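I am opening my notebook on this structure. I will look at the domains, then at the ligand.

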Amino acid sequence: MSIITGKTKLLGIIGDPVKHSLSPVMQNAAINHLGIDYVYVPFPIKTKDLTTAIRGFASIGVAGFNVTIPHKQTIIPLLSEVTPTAKLVGAVNTVWYTEMGWKGTNTDINGFLSPIRSLKRDWSNITPIILGNGGAARAVVVGLAQLGCLQIYVVGRDQQKLWRFIQSWRNTKLTATLSGYLWDELSKIIEETELLINTTSIGMSPNIDDSPVESALLTRLPKNAMVYDLVYMPNPTKLLKNAQQQGLIIIDGLEMLVQQGAVSLQLWSQKPVPIDIMTQSLQDHLNL
Ligand code: NAP
């Protein structure tokens, strides 16, 4: 690790809890590789202390920070500017200091899009299915709309929450149309999609034998379908193992994790970021 001097600039991640965050591992690996004078640390901050903490960050000259659960939405009123995409998602995960004050954006969208953006598909003819309607699903919706998808299906387990999720995009600038389905309706729509995305935590370590979609149902996906699991621990998840066995294209959540962090570091440092170093640091840390 490089030496911390009186000139070292402070970056970090705020959340509660934050001790399991992988961001310090990959961000400091990249910072050391670039030889830039920054250090990235975890800041456990309770919701009741958020306003005080952000004011304090400004007074001690913190250069920027990532935001994780439960502050991704509640930070918004504390910022002087929020990018249009972060506004559309309704969540901020990256903040930096400007002359006007704190500015926030959402790099989960860039992270999500990174592994699929270069695939040659006619996105306007693909109706992706998103499993889950939580925070990550919001960034995925905006990402898919940016990609050119015109129609998106969202599958949720709670009718009220699902309805609120679908309603929340009405009268916004979202260019895609959303339709909501309950889980027992998945079998009716699965044959229509070439892109199935899991944004639930089903299958996440330690529940590594769980899968949001049973194998028999996966066989009904078109042969050229892609299965994208945002869960990155284990790697691959049961869902992706099953999909791979059926010859489907699989995309894991690790690249999204790295890419959202890389875009944040690029914003703070204004330097090209070593993606491979960040990925390797996580693979080493997670014994992948
Ligand atoms: P969240 O806001 O808590 O949303 C989780 C969603 O999953 C909710 O819609 C929840 O349904 C649903 N869900 C959870 N357990 C379920 C079950 N047993 N059956 C059906 N639905 C279930 O969490 P999040 O922030 O969106 O994160 C979701 C997952 O994505 C996590 O595993 C996280 O690690 C991963 N993620 C990965 C990245 C990455 O960079 N790769 C980025 C963000 C998130 P209810 O609303 O009904 O509770």
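How many salt bridges are there between domain 1 and domain 2? I count zero, where a salt bridge is a side-chain nitrogen of Lys or Arg within 4 Å of a carboxyl oxygen of Asp or Glu.

I note the ground rules. This is a predicted model: local features need pLDDT of at least 70, side-chain atom pairs count only at pLDDT 80 or more, and totals for chains, interfaces and linings use all residues. Residues are numbered from 1 along each chain as its sequence is written, and side-chain values use heavy atoms, leaving out hydrogens and water.

**Domains.** I looked up the bounds, which come from an automatic or database domain assignment. Domain 1 covers 9-107 + 260-286, and domain 2 covers 116-252. Their centres, taken over C-alpha atoms, are 27 Å apart.

**Interface.** Six residues of domain 1 contact 10 residues of domain 2 (heavy atoms within 4.5 Å). The two domains bury about 650 Å² between them, 76% of it on carbon and sulfur atoms. Buried area is the accessible area (1.4 Å probe) that two parts lose on being put together, summed over both. Leu 88, Val 89 and Leu 286 supply 72% of the area that domain 1 buries against domain 2.

**Ligand.** I found 21 residues around the ligand (a heavy atom within 4 Å). Among the nearest are Arg 157 and Ala 136. A polar backbone atom of Asn 133 is 2.9 Å from a ligand oxygen. For Gly 134, a backbone N or O atom lies 3.2 Å from a ligand oxygen. For Gly 253, a backbone N or O atom lies 2.9 Å from a ligand nitrogen.

Notes: A polar contact is a pair of N or O atoms within 3.5 Å; within protein, one must be able to donate a hydrogen and the other to accept it, and residues adjacent in sequence count only if both atoms are side-chain atoms.
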